[in-house]
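Me: I'd like to learn how to read a few features off a protein model. Could you take me through one?

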Amino acid sequence: MADNTTVGLPATIRQGLLNLPGATWETKRTVERLLEEDREKRHCFTNRLGFHNHLSHHLLAAYDLGAPSAVLQKIYGVEGEGLPWNVDHKEGTGSDEPLSGVTVQNWRDFLGDAKYYAGYLRFFTQEVVQHGVGDVLEQYVFSPAANGNEAYMLLRFIGGALHPLIQTGYAAEFGSDAMVAQALAQAAVHKAFQPELFDFTSLPQLEKAEYKAREPNHRQPFKGHSLLSIIRQAYDSEIMTPVLPYDPNALLSARFRAACTEERRAEIRRLSVLYHVDTSHGQPEFDYKVEELIWTTTLLLVGSGRRGRKPRLDFFLMHFLNASLFVPSLLAAIPNVESKAALLRAFVPTLLIYLTIRGRPRIDAVLAMTYTDTPRPPNGSESLPEPEPASIGDPRRAEDFNPWPSIVASVIHAPDAHTLKAIRTLYYAAQRYGQTPPGSVPGAFDTEGRETHEGIAKVDGSLFVRAAGVVMDTLGWVTYGQPAGEWDRSALGWDDAWKNE
């Protein structure tokens, strides 16, 4: 087992974006110790299929939501048991001989090879020690040298259902330089994600789109098309029609192979170039793009079910929602504005191809707004005592009830890390955008002043608590005795995925 792979970088963290009450000196010390132990002992993968180690994600999400030390320790105990690969796992080498060390001269030679994870961890640790986080991100993720000659580090960074990006996002949010090294090592051993979908050789040259019939509260990009408009165009494109027939048992790799025809790749590139990041507008542009991404991914997750059916939440669309929370922290950590723009642009083709392999699930804004804005745990109102007569309001009544405390208190104990991450994202969104009135969702209207998606003019900031309720109802209010649920892996965009329900 490798020792001291992150020597030279402190194990300390800072508070997260939510920083809910509950964090203490003891919980901070506990989570720092557990994170360091995970870094030093465990690989980023758990098996040859590339399943990911989510332990650090789970710990930090619970910590930011206010989990006590005992719960953090239990998370480590339960989830750590299912992580069989140690940090220097070398399955497939056929030898116990030591591997070549990763250096500045040869670091590109081992990209995509999981057995070099420990070597990359040591290498990136020393690079962060010597050069700092910002310079290392620029040099090893965004520079021409990091992406030319099929190195494709940015495409590795967004590969694996965005896990390296999420890992780096946690590092940036919680101020952990050691975790940055860990995240870059993870990126380095991922395969480059679908290079044929991306064109980073030249920046898109777009004029400002002219939006007609624009009301004062209609919000649009400074240039180019909104994400919601681009998704609308993907829905309307015959080329983007999902592969038929629907195969409920298809592996993810098989869905990618079937979907990535040259014609469809070209269409994704065409649609992606409609998205423009106008760096001349500085921070307001980046703030808009972050907000737009959070609204869009929330609608995709909870608005892609079917009316009259039990809600389903797609496993891969959930990752886009969870990743969106980390974009503000990543943008703050990346020094160069063009690199910030490159990260944002990389989301678009990635999202479009995942939409394709999930059967092109469609945003139903009307459906999303039918979910309650006062979600409760099972038998929630019945279990509350009758208030004292002098009490102002009665929390047993929906109009007097704030659902967030119950949601947070229960989700801390959820067994699945993704559930905590989704709720944390939605809580942040409710904090930032919960006061948004109807008609003000970024990109709700197209250039002709029409709704980009039916019913979206009526979507308001209550979307996020509605979405949180759906997540809890689907994945389980486990502290109230409701069994833990599951994310949907059926590729629910296909009509046939709903046939037997």
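Predicted model: local features only at pLDDT ≥ 70, side-chain atom pairs only at ≥ 80, totals over all residues.

Me: Let's begin with the fold, then. How many helices and strands does the protein chain have?

Reply: The protein chain comes to 20 helices and zero strands. Its radius of gyration is 23 Å, close to the 23 Å that the globule rule gives for 501 residues, so the chain is as compact as a globular protein of that length. Along the principal axes, the C-alpha atoms fill a box of roughly 70 × 55 × 45 Å.

Me: What share of the residues is buried?

Reply: Buried residues account for 58% of the 501. Contacts tell you something else about the chain: among those between residues at least 6 apart in sequence, 76% join residues at least 24 apart.

Me: Next, cavities. How does one find them, and how many of 30 Å³ or more are there?

Reply: The general idea is that rolling a probe the size of a water molecule over the atoms shows where empty space is left. In this model that gives three cavities of 30 Å³ or more.

Me: Which classes of residue line the largest cavity?

Reply: Its lining has two nonpolar, six polar and two charged residues. Asp 38 and Arg 42 are among the lining residues, as are Cys 44, Tyr 117, Gln 167, Gln 182 and Gln 186.

Me: And what lines the second largest cavity?

Reply: That lining is made of Leu 227, Tyr 275, Lys 289, Leu 293, Leu 344, Phe 347 and Val 348. Helix H13 (283–302) and helix H16 (337–357) are the elements that give two or more residues to it. H16 supplies the largest share, three residues. By class, the count is six nonpolar, no polar and one charged.

Me: How many residues of helix H18 are buried?

Reply: Six of the eight residues of H18 (residues 404–411) are buried, so this helix is largely enclosed by the rest of the structure. The six are Trp 404, Ser 406, Ile 407, Val 408, Ser 410 and Val 411. They pack against H19 and H20.

Me: What about loops? Is Thr 452 buried or exposed?

Reply: Check the relative accessible area, where under 20% is the cut-off for buried. Thr 452 is buried, at 2%, and is found in the loop between helix H19 (417–433) and helix H20 (463–475). Leaving out residues up to four places away in sequence, Thr 452 touches several others, including Leu 228, Ser 229, Arg 232 and Phe 445.

Me: Where does Gly 303 sit?

Reply: Gly 303 is in the loop between H13 and helix H14 (315–324). Gly 303 counts as buried, at 0% relative accessibility. Beyond residues up to four places away in sequence, its contacts include Thr 298, Arg 362, Ile 363 and Leu 367. Gly 303 and Met 369 are 66 residues apart in sequence, and their C-alpha atoms are 8.4 Å apart in space.

Me: Last topic, the backbone. Which peptide bond is cis?

Reply: As background, most residues other than glycine have a negative phi, and most peptide bonds are trans. Here the bond from Leu 244 to Pro 245 is cis, with omega near 0 degrees. Pro 245 lies in the loop between helix H10 (227–236) and H11.

Me: What is the phi of Asn 19, and what is that of Glu 150?

Reply: Asn 19 has a positive phi of about 55 degrees although it is not a glycine. Asn 19 is in the segment before helix H1 (25–41) and is partly exposed, at 39% relative accessible area. Glu 150, not a glycine either, has a positive phi of about 65 degrees. Glu 150 lies in the loop between helix H6 (144–147) and helix H7 (153–157), and counts as exposed at 59% relative accessibility.

Definitions and conventions: Residues numbered from 1 in each chain as written. Heavy atoms only, no water. 1 Å grid on protein atoms, 1.4 Å probe; cavity = no way out; pocket = protein on both sides within 12 Å on 5 of 7 lines; lining within 4 Å. Points joined across faces, edges and corners; volume = space filled by probe spheres on them. Nonpolar A, V, L, I, M, F, W, Y, C, P; charged D, E, K, R; others polar. Helix = DSSP H or I, 4+ residues; strand = E, 2+ residues; numbered from the N terminus. Rg over C-alpha atoms; globule rule 2.2 N^0.38 Å. Buried < 20%, exposed > 50% of the residue type's maximum accessible area, 1.4 Å probe, protein only. Contact = heavy atoms within 4.5 Å.
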